[in-house]
Amino acid sequence: MYSQMVKSTGKAVPTLAELSPEDRAFQKRIDRGEKIEPKEYMPDAYRKNLIRQIGQHAHSEIVGQLPEGNWITRAPTLERKANLLAKVQDEAGHGLYLYCAAETLGVSRDELYQMLHDGQMKYSSIFNYPTLTWADMGAVGWLVDGAAIMNQVPLQRTSYGPYARAMVRICKEESFHQRQGFHIMIAMAKNGTPEQFRMAQDALNRFWYPSLMMFGPSDKDSVHSAQSMAWKIKMNTNDELRQKFVDETAPQAEFLGLTIPDEKLKWNEATGHYDFSEPDWNEFYDVLNGNGPCNTERLDTRKKAWADGAWVREGMMAHAEKKALKAAKAG
């Protein structure tokens, strides 16, 4: 999800013998499972790869508020409104933790925002799909946050210290978000009216394959994963995480009485995993290239928020400069 099309070096992973003495010592630290901290030596390519991945992760958390924020005032009960508001607030916090982690690598938050606005940096493809009914809030929590957890739990062991530590709290809160979504699906699919059941099934139909796409392209087409794996920036391959997601989600759908929209989905006794159909990767690349249902709307909303907040940033900078000048005169 957070490394969709994030490029590392674009080259084969070098052997230790091919590395410089500094890079060889660095790789040995990685291999021993040590954490790399901001002021310690790291190859430029490692730093750039982290900035891209953490930046895309942060943007995904912030843009991810938009499909849900639209439903806060339309949630069916006061309790549901409060829960959804808390969830959206959590996502803002996640973005903050991650922007702070990226800043330790020498990139400013303003630069990250600019890269997003200019199209130089992406966010997860899943947030370019619309949320049409209240059942979509259940599907987003159950499927989208469920897929996010598959990505994020391993990142608690990633090699860069600030990123790994940020993920500890994020994972705890994302687990709550997934349970909240599944609870909505239980209320609608198992305990709701026939119409609510149909809404739940429709939401599953629309979000199933976009959720599978969250893990990124198939390993055979993901040419940049090997170096990220060697650096332990990325802990699992795309296909490993996607398979784990299907294995855990299929029984949950059966419990709900819902049907996953895949005729090939079945348990394989020989492999100990579910067989399933690949997503439409042409759609995936089309969405990443800006042609999804909500790409323009999402990015325009973020640009407007940035422009509307300019006066706040300017006021804070003016206050800081005034305070610094006063302190200098007093000294």
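1. A contact here means heavy atoms within 4.5 Å. On that basis, residues 24 or more positions apart account for 79% of the chain's contacts with a separation of 6 or more. Note that this is a predicted model.

2. Overall fold. The chain has 13 helices and 2 strands. Its radius of gyration is 21 Å, close to the 20 Å that the globule rule gives for 331 residues, so the chain is as compact as a globular protein of that length. Along the principal axes, the C-alpha atoms fill a box of roughly 70 × 55 × 35 Å.

3. Burial and surface. Of the 331 residues, 49% count as buried. The chain exposes about 16,200 Å², with 56% of it supplied by carbon and sulfur atoms.

4. Nonpolar patch. W311, V312 and M316 form a nonpolar patch on the surface. Together they have about 370 Å² of accessible area. W311 sits in helix α13 (residues 310–330). It counts as exposed because its relative accessibility is 65%, and the cut-off is over 50%.

5. Salt bridges within helices. The structure holds 14 salt bridges. One of them pairs R198 with E195, closest N and O atoms 2.7 Å apart. Both residues lie in helix α8 (residues 194–213), 3 residues apart. R198 is partly exposed at 48%, and E195 is partly exposed at 43%. K304 also bridges to D308, at 2.7 Å. These two are 4 residues apart in helix α12 (residues 295–308), so about one helical turn separates them. K304 is exposed at 55%, whereas D308 is partly exposed at 42%.

6. A network. Salt bridges that share partners join R29, R32, E34 and E40. Within it, the closest N and O atoms of R29 and E34 are 2.8 Å apart. E34 is partly exposed, at 29% relative accessibility.

Note on methods. Residues numbered from 1 in each chain as written. Predicted model: local features only at pLDDT ≥ 70, side-chain atom pairs only at ≥ 80, totals over all residues. Heavy atoms only, no water. Patch = residues over 30% accessible without salt bridge, like charges linked within 9 Å, V, L, I, M, F, W, Y side chains within 5 Å. Areas by Shrake-Rupley, 256 points an atom, 1.4 Å probe, with all protein chains shown as cover. Salt bridge = Lys/Arg side-chain N within 4 Å of Asp/Glu carboxyl O. Buried < 20%, exposed > 50% of the residue type's maximum accessible area, 1.4 Å probe, protein only. Rg over C-alpha atoms; globule rule 2.2 N^0.38 Å.
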